[in-house]
Amino acid sequence: MRVVIIPEDFRNDQYILKPLVEAMLAAAGRPRARVTVCRDPVIRGVGQALDRDVLAQIIERYSGMTDLFLLCVDRDGVASRRHALEALEVHAAGLLNPGQVLLGENAWQELEVWALAGSRTGSSPARSRRRGQGRSPTHPNASDLRQGPGQDRR
Amino acid sequence: MRFLDLEPDYLRRPSLPGQVSLGDKGQNLSSVLQRICEDDSKKQTLLSWLKELTPMDATDFAFPSDLNGRVLVQLVEANGNRVSANSASQGTLRFLAMLAALLGPEPASLYFFEELENGIHPTRLALLLQLIEQQVRSKDIQFVATTHSPQLLGLVSAQTLPHASLIYRLPGQASARITPLLEIPDVRRVLEKQDFGRLMSSGFLEDAVYLTEPEEASAK
């Protein structure tokens, strides 16, 4: 399976989305899926990410080598964003080749929350109990989040 | 065969007259230019390219020698100003070195040139390519160059484009590969509608080889 992720701002979102999508696909039985992040056109914000012309450019470029286009944006507390994504999915279906699909997803409330959900260290019952007893002064992955590419998304 | 990985420090060094070929880092530039200038028609060719490729209004070359007999090229402008190789920009020196390599008395049959666009103003890249393509067409030489410049790639002529290749390394693989650009699946179709330079800068070319790689050869 070949996947192109379309973030609303690739510069930092790529560091969250690529490993997360690869892990999700591996968990779904697709460990050899090839995943890449679209970096052009340079999308700056959800407004451009939901633009049909921008989407058409991306689909045209990658249509010969992609099975799944994954459009990932922040929900930002906007209840109608799901509806906008569904409308884009329907529109994109008319641009795609047979067998291809575009899925749109909005992160509640932002993609950084998905990064926390993808953390391997935060899901054990024991850790949950410890969290209930008192909050750690720093997040277990705080050092990872502070270092490396993508650290300054906001 | 000649490898050229030009370094400004070497280009600015005085050299002994009589040297007829450029070193791989640009050694002997002044001597080779001096030798070229002994033939007036070649000198005029050199000057005409230099005028086109740099903002200088160079009308002549001078080769003053130091106490050891070594010469260092000076560019003489129309207003009489003389600009020594010590003061000329890196881009101007690189142009001069490429001209010296291609027009010199002992041209190689195969040139390898590292990072063709280094130090060159973007507006002059088209002329640089024109110079190289013209020399390759008119002489029995081959010219291999590497670049990281999307703009340069966008300027490559239709005749040269089939010879352009992508050097890439797929995730999880131990070595790099080289593939002719036009043989990357689907690239020809995309190229008809989108700018080649932009495709390069966006990483699309690497994406294309990655996404179209047969599954058994891709990263586990």
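How many bridges join strand S3 of chain A to strand S4 of chain A, and do the two run parallel or antiparallel? Seven bridges join them, and the strands run parallel. This is a predicted model.

## A strand pair in chain A

S3(A) spans residues 68-74, and S4(A) spans residues 101-107. One position can be picked out on both strands. A:Val73 stands opposite A:Asn106, which belongs to S4(A).

## Chain B overall

Chain B has 220 residues, and 30% of them count as buried. Its secondary structure comprises nine helices and eight strands. Along the principal axes, the C-alpha atoms of chain B fill a box of roughly 65 × 35 × 30 Å.

Sequence separation tells something about the contacts. Take those in chain B with a separation of 6 or more: 58% come from residues 24 or more positions apart.

## Where chain B touches chain A

Chain B puts 18 residues into the contact, and chain A puts in 11 residues. On the chain B side, two elements give two or more residues each: helix H7 (187-191) and helix H9 (204-212). H9(B) gives the most, with six residues.

What is the make-up of the side of chain B that touches chain A, in nonpolar, polar and charged residues? Seven are charged, six are nonpolar and five are polar.

Terms used:
Residues numbered from 1 in each chain as written. Chains lettered and ligands numbered in written order. Predicted model: local features only at pLDDT ≥ 70, side-chain atom pairs only at ≥ 80, totals over all residues. Contact = placed C-beta atoms within 7 Å. Helix = DSSP H or I, 4+ residues; strand = E, 2+ residues; numbered from the N terminus. Nonpolar A, V, L, I, M, F, W, Y, C, P; charged D, E, K, R; others polar. Buried ≥ 20, exposed ≤ 12 C-beta atoms within 10 Å, placed from the backbone. Pairing = 2+ DSSP bridges.
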